[in-house]
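Let's take a walk through this fold, starting with its cross-links and moving on to its domains and charged pairs. Keep the viewer open as you read.

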Amino acid sequence: MTTIRQRRVGKGTEAAEDQPSEETNVKPDGKIPPDPPGGKLWNILLVTVGGIVAISLGLLTSVYVATLHENDLWFSNIKEVEREISFRTECGLYYSYYKQMIQAASIQQGLHGLVYDNKTESVRTINILERMNVYQEVFLSILYRILPIQQYLEPVYFYIYTLFGLQAVYVIALYITSWLLSGTWLSGLLAACWYITNRVDTTRVEFTIPLRENWALPFFAVQIAAITYLLRTHLQPAQQRLTLMAVFIATFLFSLTWQFNQFMMLIQALALFILDCLDMLPAAKVTWLYIIQISGLLLVCVLQFFNSMILGSLLISFNVSVLIARTIQKNLKKGGLLNRLGKLILHVLLVLCLTILINKFIKKILNLESDEHIFKFLKAKFGFGATRDFDANLYLCEEAFGLLPLNTFSRLSSTLLFYVYGFVLFLLTVAAVIVAFRNLSGSNQAQLKGKMEEYTVTLRPDAAYSLVHTVLFGCLALSTMRMKYLWTSHMCVFASFGLCSAEVWKLLLKCLHLYTPQRTQVIKYSIPIITLLYISFKFWPGIMDELSELREFYDPDTVELMNWIKSNTPSTAVFAGSMQLLAGVKLCTGRTLTNHPHYEDKNLRERTKQIYQIYAKRSPGDVHGILRSFGTDYVILEDSICYERRHSRGCRLRDLLDVANGHIMDGLGENEPDLKPSVYPRFCEEIKKNLPSYTTHFTRVFQNKTFHVYKLAKHK
């Protein structure tokens, strides 16, 4: 197994800084008064300084994560095969396509190899560009080939430096979003500092570099920054068009680089839907955002050779349903409270029914079943009945798809982030409830307007969107740990915005009857500065210690296995084994696989379940027949799976296979009544005894402390 050991020595557009409210910056005729000359110069100076700070923090973050990666693995000193092994599981699979494009005789041949790929899944030819989100690897490989950098920079460094560079884009986007919300770049500085000091919970780029989310999340952050700017009032038509274009480009790039894009944007569409129903966002801008989501996803669908999973996504069905429902119910936002509530309930039901009908219709027409495992997983996860489905249980038993651990909150609290976040979330939620009630009540009579200016709580559209966005993605993170990175990064933005916002402090001080403009300004700047000083003094020494700790990649068993495969098997050999290991086999050796970790295809899921019978209680003849049906020449058995102890009973891979096969699980504990004992012993254990019934079909050709490789007999 891969470990890290201690290194051994001896190897060679911002407005004013104090953003005025919408009402105080508008003339009675609706025009925005021009800034005085001195104010313009001051604004330019503030924007310049804030921009320099944003770029500096982004670059520092890139250098920081790159240094951590180098210090953890001694990446510059280890062999090429060790570098490739460090790209674990699906990371190795994605990087293998970049390597394949680099090594191709020409760009055209490289693209042809991806479109007509017969090495990723044996006895099948698949289109990698359709099945997987690897356009980023294609683009990067082409860029590397055409730029005059081959003599100075190895392909692997060009790849990882690009990903670390995207971290700079990520941090800058978070910084700008917070700046736009609060009106001061001090808020952006605080957001970036929180992102860095909470690195364990905000990113995992330094040890999962090629993971799709590390490509996608920077573009998602850019999209959120653009939406935040779009939702500001008094934008000029040209500004609005440019912002919509920025939203579209960011949405398209986010969708192109991550297979889970449709689910993340569905949550975003739900946020827009909720706020639109409560009349808290401009309806025209919401419509544009729905259209941008649909068009961005359809463009990706075209580039992915009309991937049916995209066409059958809930996002497209939902957005189309909302647009149809809004056309049908034109008077949705008129009337009193009860009238509006009734219309709103009907609107929600109409959208829900249309979404289900449209989605069912599309899936029926396309015969689409690629995402059924996700819905089985969700059904079992949220207690709508137990399941014996192997794929659903495989997800349920993975820690990454479990609930968010409680120790996450203690880590976030140590930097004060979670405390500030909770404080801001409470205040803005109260404000949102008040504003929503007022909107639904139709309290817009002339006699109330004067009172509202003095007493009523207000919530800007961009702040309202940020609030609902963080709540929905917070719910996602709490239910599924792997998705916490979508929430924690925005948590930094949301908390810093609240701490630096004059409106938030004004609301609180008015509630406490302590409000004065001077007091608000003092608090708005003093508390963030104190927070920054606290973070700096507490965490700077730890960051320095972390950067000075030197370790080394160490996985001799896997290195030995990969070297043996390259030296002792034909280049056309087909290998079977675990999904995670086979991704490394493809990257390091170029051999053909029977299965792999990109689990979004129904046929692949069924194939993987069959291959995994090597860890079940099956006869040697059955296992041999299954493996040979996929053209397998060699099978790799791993002791870490056969004798697994990482998971508890019921979640070990062998337990999942036993239950799916109707067999009683190993070890002490309860079994479901209808499960029966198997007449055969566990294959991965029994094959090591070299019994005649096994040696007839399998010959051991390689063995070390971790892996056992068997060559399959080719019976006629």
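**Cross-links, domains and charges**

Cys397 and Cys651 make a disulfide, with their sulfur atoms 2.1 Å apart (the term means a pair of cysteine sulfur atoms within 2.5 Å). The link between Cys397 and Cys651 is left-handed, at -75 degrees about the S-S bond. Cys397 sits in the loop between helix H18 (390-396) and helix H19 (407-414), and Cys651 in the loop between helix H30 (639-642) and helix H31 (653-660), so this pair ties together parts that lie 254 residues apart in sequence. The helices here are DSSP runs (H or I, at least four residues), numbered from the N terminus, with strands being E runs of at least two.

Before going further, a word on the ground rules: this is a predicted model, in which local features need pLDDT of at least 70 and side-chain atom pairs count only at pLDDT 80 or more, while totals for chains, interfaces and linings use all residues. Residues are numbered from 1 along each chain as its sequence is written, and side-chain values use heavy atoms, with hydrogens and water left out.

How exposed are the two ends of that first link? Cys397 counts as buried at 12% relative accessibility, whereas Cys651 is partly exposed, with a relative accessible area of 22%. (Buried is under 20% relative accessible area, exposed is over 50%, and partly exposed is in between, using a 1.4 Å probe and protein chains only.)

The disulfide count comes to two, and the other pair is Cys642 with Cys684, whose sulfur atoms are 2.0 Å apart. This link of Cys642 and Cys684 is right-handed, with 80 degrees about the S-S bond. It joins distant parts of the chain, with Cys642 in helix H30 and Cys684 in helix H32 (residues 683-686), 42 residues apart. Cys642 and Cys684 are both buried. Number the bonded cysteines in sequence order and the pairing reads 1-3, 2-4.

Cys475 is partly exposed, with a relative accessible area of 47%. Cys492 is in no disulfide either, its nearest cysteine sulfur being that of Cys193 at 10 Å. Cys492 is buried, at a relative accessible area of 0%.

Now zoom out to the domains. The domain assignment gives domain 1 (162-548) and domain 2 (556-712); such bounds come from an automatic or database assignment. Taken over C-alpha atoms, the centres of domain 1 and domain 2 are 42 Å apart. Their contact (heavy atoms within 4.5 Å) takes 16 residues from domain 1 and 20 residues from domain 2.

The size of an interface is often given as the accessible area lost when the parts come together. Domain 1 and domain 2 bury about 1,600 Å² between them, with 55% of it on carbon and sulfur atoms (buried area is the accessible area, by a 1.4 Å probe, that two parts lose on being put together, summed over both). On the domain 1 side, Arg388, Phe390 and Cys397 lose the most area to domain 2, together 45% of what that side buries.

The count of salt bridges between domain 1 and domain 2 is two, where the term means a side-chain nitrogen of Lys or Arg within 4 Å of a carboxyl oxygen of Asp or Glu. Helix H17 (372-381) and H18 are the elements that give two or more residues to the side of domain 1 that touches domain 2. H18 gives the most to that side, with five residues.

In one of them, the side chains of Glu121 and Arg131 meet at 2.4 Å, N to O. Glu121 lies in the loop between helix H4 (107-115) and helix H5 (128-131), and Arg131 in helix H5, so the pair ties together parts 10 residues apart in sequence. Glu121 is buried, with a relative accessible area of 0%, and Arg131 counts as buried at 15%.

Asp276 forms a salt bridge with Arg326, the closest N and O atoms being 3.5 Å apart. Asp276 is in helix H12 (residues 261-277) and Arg326 in helix H15 (residues 314-328), so this pair ties together parts 50 residues apart in sequence. Lys617, Arg654, Asp658, Asp666 and Arg682 are linked in a network of salt bridges.
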